[in-house]
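Welcome! Please take a moment to look over the sequence and the 3D view before reading on.

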Amino acid sequence: MIRSNNIIMVREKITVSTRTLQWKCVESAADSKRLLYGRFILSPLMKGQADTIGIAMRRALLGEIEGTCITRAKSEKISHEYATIMGIQESVHEILMNLKEIVLRSNLYGTCEASICVRGPGYVTAQDIILPPYVEIVDNTQHIASLTEPIELVIGLQIEKNRGYLIKAPNTFQDGSYPIDPVFMPVRNANHSIHSYENGNKEILFLEIWTNGSLTPKEALHEASRNLIDLLIPFFTYQRRKFKFRGQSTHSSFTPFYLL
């Protein structure tokens, strides 16, 4: 468990219902703007059910939730990715890696444009990114570059909302534009554990969720659950179709069910 002065802890007494499934948050912590933690329980479950749900929820938390990232940077002053620019402490590669770490949240669909335009000397942080109104920075203090001389740093940015981890296809330098391999996953980590009782016949599922601050662990749990349900909805849809086996009368009343 993380311990520090800026952590908010919420604890609730765990109660087990013998009638219906119930869930609740039993612990939450905020280590920083970019690291939130939540611990949840679901009970009572029959033997084996906790592992079934836990594995599916972990996969949904890590792979089915969308996030917002910077996916491309463009500057006319950049000759190649590993170049250095006079008056800037970091290399171009280091600046691109810093841009990759910027945590954003948005109501974005598809892609949009943003920019940085700063004159030195001074530090360039996430606060200096000019964004459209539907995109928000989680931590404005995230470092981008250090300008040591009175030069102007101008960078165009492409922002995208997607899910998972995407590796951009390697390409040659074109028009000062470089792709950034984005990690769209708002959930940094997710674990599940099981507590058995009543001689192993009943189980309690514990879910631990760490997020990057663009979603709270509770919001991530809700979104992962909804996405998992959406993936299973087609199995609830069926259509009644008639057919006959070889040698069967066409007046047979047998009507099987097919999943769409």
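The report below visits a few places in this predicted model.

## An enclosed strand

Let us begin with strand S13, which covers residues 202-211. Nine of its ten residues are buried, so S13 is largely enclosed by the rest of the structure.

S13 has strand partners that you can find in the view. Strand S2 (residues 35-46) runs antiparallel to S13, and nine bridges join the two. Within that pairing, Met46 has Lys202 of S13 as its bridge partner. Strand S12 (residues 187-197) is also antiparallel to S13, here with ten bridges. In this case Ser193 is found opposite Phe206 of S13.

## The turn between S12 and S13

S12 and S13 form a hairpin with four residues between the strands. Glu198 belongs to this hairpin and takes a positive phi near 55°.

Glu198 also has a charged partner: its side chain meets that of Lys202 in a salt bridge, at 3.8 Å from N to O. Are these two residues buried or exposed, or something in between? Glu198 is partly exposed, with a relative accessible area of 44%. Lys202, with a relative accessible area of 17%, is buried because this value is under the 20% cut-off.

## Salt bridges across the sequence

How many salt bridges does the model have? The count comes to four. Side chains of opposite charge can pair when their charged atoms come close.

One of the salt bridges joins the side chains of Arg163 and Glu64, at 3.5 Å from N to O. Arg163 sits in strand S10 (residues 152-163), while Glu64 is in the loop between helix H1 (49-63) and strand S3 (66-74), so this pair ties together parts that are 99 residues apart in sequence. Arg163 is partly exposed, with a relative accessible area of 40%, and Glu64 is partly exposed as well, at 23% relative accessibility.

Another salt bridge brings together the side chains of Arg105 and Glu136, at 3.1 Å from N to O. This pair also links distant parts of the chain: Arg105 is in strand S4 (residues 104-106) and Glu136 in strand S8 (residues 135-137), 31 residues apart. Arg105 has a relative accessible area of 30% and is partly exposed; Glu136 is partly exposed too, with 40%.

## Around His143

Now turn to His143, which lies in strand S9 (residues 143-147). His143 is partly exposed, with a relative accessible area of 33%.

Which residues is His143 in contact with, leaving aside its neighbours within four places in sequence? They are Glu90, Asn98, Tyr123 and Val124. With Glu90, the side chain of His143 makes a polar contact to the side chain at 2.9 Å. The His143 side chain also makes a polar contact with the side chain of Ser146, at 3.4 Å. As for Gln127, which is 16 residues from His143 along the chain, the C-alpha atoms of the two are separated by 9.2 Å.

The last stop is a nonpolar surface patch of about 480 Å². Leu231, Leu232, Phe235 and Phe236 make up this patch.

Where in the chain is Phe235? Look in the loop between helix H3 (217-232) and strand S14 (238-240). At 57% relative accessibility, Phe235 counts as exposed because its value is over the 50% cut-off.

How values were computed. Residues numbered from 1 in each chain as written. Predicted model: local features only at pLDDT ≥ 70, side-chain atom pairs only at ≥ 80, totals over all residues. Heavy atoms only, no water. Buried < 20%, exposed > 50% of the residue type's maximum accessible area, 1.4 Å probe, protein only. Contact = heavy atoms within 4.5 Å. Polar contact = N/O pair within 3.5 Å; in protein donor to acceptor, adjacent residues only side chain to side chain. Patch = residues over 30% accessible without salt bridge, like charges linked within 9 Å, V, L, I, M, F, W, Y side chains within 5 Å. Areas by Shrake-Rupley, 256 points an atom, 1.4 Å probe, with all protein chains shown as cover. Pairing = 2+ DSSP bridges.
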